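The stops below can be selected one after another.

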Amino acid sequence: MQKKSDATKIAIIGGGSWATALVKILSENNVRINWWLKSKTDVDHIVGFGRNPNYLSDVVINTKIVRPTNNVKKALEDVSVVIFVVPAAFIGEVLDTISPADLKDKIIVSAIKGMIPLENILVTDLLQKKHLVPSQKICVIAGPCHAEEVALEKRSYLSIAGEDFTAASVVANLLQCRFVKATVIEDLYGVEYCAVMKNIVAIACGIARGLNYGDNFQAVLVSNAMLEIEMFVDAVIKKERDWNASAYLGDLLVTCYSPYSRNRTLGNMVGRGYSVKAAQVEMNMIAEGYYAVKCVHEINKKLNVQMPITKAVYNILYEKISPSVELRILEDSMC
């Protein structure tokens with residue numbers, strides 16, 4: 001049996017609900033966790049009360065093995081695995097505070113399901129480009145898994161994608177516990193692009209719900225969306241994939257149907273008449289699909305894949321076209 005001093009040391013970079021859920025999962029195993037949160041007030045609260053004051057506050061944090069800090073470099077000291085769990089729009093700011101040397105020889109994991117705005121690249125691309133992390137040392141965490149259900153210890157499933165099976169297996173073993181099953185899939189970019197796309201589809205489903213479309217339409221919408229995702233991802237990086245696997249279809253379904261989905265919630269509010277800005281302010285949480293749809297729209301200008309669902313969401317969120325008009329157009333494209 002390993003002694004506590006021999007436990008694997010991990011850094012969690014991010015302080016939101018998914019970061020908190022991952023801290024809970026990892027705490028089930030023989031690990032030591034350096035947890036970076038931006039706010040010193042939040043750090044002090046966790047140290048004092050063992051709970052994240054802003055996200056999943058019912059989750060009890062074991063401060064005997066979890067060391068909160070608001071110093072990123074300190075969080076990265078003497079760890080073998082680093083998990084980034086900040087919104088894609090802000091990951092660049094975090095990376096600006098560290099150097100490639102801080103990530104050298106570590107397994108780097110992205111639990112971020114979004115794209116880098118303006119640059120239109122994946123988080124894994126940014127890690128390779130900006131901090132020279134080899135692709136073989138990078139993994140991606142996908143679902144189907146919502147933070148809220150992890151907090152309730154409901155049976156959940158994670159897909160760990162990576163080019164290197166050994167590295168991905170290390171991460172999967174760390175994240176497997178009594179209420180979470182983690183499996184490895186060797187499709188780093190396919191899984192990451194699918195995780196990005198499913199958030200866009202979830203916004204479309206939310207808009208449909210906000211406009212009082214029913215289950216029948218949503219079923220057809222999700223079915224067509226799966227085909228849209230397949231065509232787009234294959235156009236970006238062709239590879240033999242089982243699209244029915246949990247990392248693809250499973251993650252799409254939970255994001256589109258779950259009331260915990262913030263992207264679905266954003267879409268629902270827009271469908272009910274909220275402006276995008278008003279919905280974002282009221283939610284007080286980042287819906288990655290908002291930024292992702294613009295990135296995918298820009299990428300697809302070169303690929304020219306038929307993507308009516310993505311186009312509809314982009315038109316509604318960025319061109320301010322009426323949701324009801326776009327959904328009527330979508331009706332005719334569905335099969």
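**Salt bridges and a surface patch**

Select D78 and K9: the two form a salt bridge, with 3.0 Å between the closest N and O atoms. This is a predicted model. D78 sits in the loop between α3 (72–75) and β4 (81–84), while K9 belongs to strand β1 (residues 8–13), so the bridge ties together parts that lie 69 residues apart in sequence. D78 is exposed, because its relative accessible area is 59% and the cut-off for exposed is over 50%. K9 has a relative accessible area of 30% and is partly exposed.

Next, select E28 and R178. Their side chains meet in a salt bridge at 2.7 Å, N to O. E28 is in the loop between α1 (17–27) and β2 (31–36), and R178 is in the loop between α8 (165–175) and β10 (180–185), so this pair ties together parts that are 150 residues apart in sequence. E28 is partly exposed, at 30%.

Now go to helix α14 (residues 288–303) and select K301 and E298, which both lie in this helix, three residues apart, or about one turn. Their side chains meet in a salt bridge, 3.2 Å from N to O. K301 is exposed, with a relative accessible area of 51%. E298, at 26% relative accessibility, counts as partly exposed.

For the model as a whole, the salt bridge count comes to 15.

For the last stop, leave the charged pairs and select I321, V325 and I329. What do these three form on the surface? They make up a nonpolar patch, and together they have about 220 Å² of accessible area. To find I321, look in the loop between α15 (308–318) and α16 (323–333). I321 has a relative accessibility of 32% and counts as partly exposed, because that value falls between the 20% and 50% cut-offs.

Conventions. Residues are numbered from 1 along each chain as its sequence is written. This is a predicted model: local features need pLDDT of at least 70, side-chain atom pairs count only at pLDDT 80 or more; totals for chains, interfaces and linings use all residues. Side-chain values use heavy atoms; hydrogens and water are left out. Patches are made of residues with over 30% relative accessible area and no salt bridge: like charges are joined within 9 Å, nonpolar side chains (Val, Leu, Ile, Met, Phe, Trp, Tyr) within 5 Å. Accessible areas come from the Shrake-Rupley method with a 1.4 Å probe; for residues, only the protein chains shown count as cover. A salt bridge is a side-chain nitrogen of Lys or Arg within 4 Å of a carboxyl oxygen of Asp or Glu. Helices (H or I, at least four residues) and strands (E, at least two) are DSSP runs, numbered from the N terminus. Buried means under 20% relative accessible area, exposed over 50%, partly exposed in between (1.4 Å probe, protein chains only).
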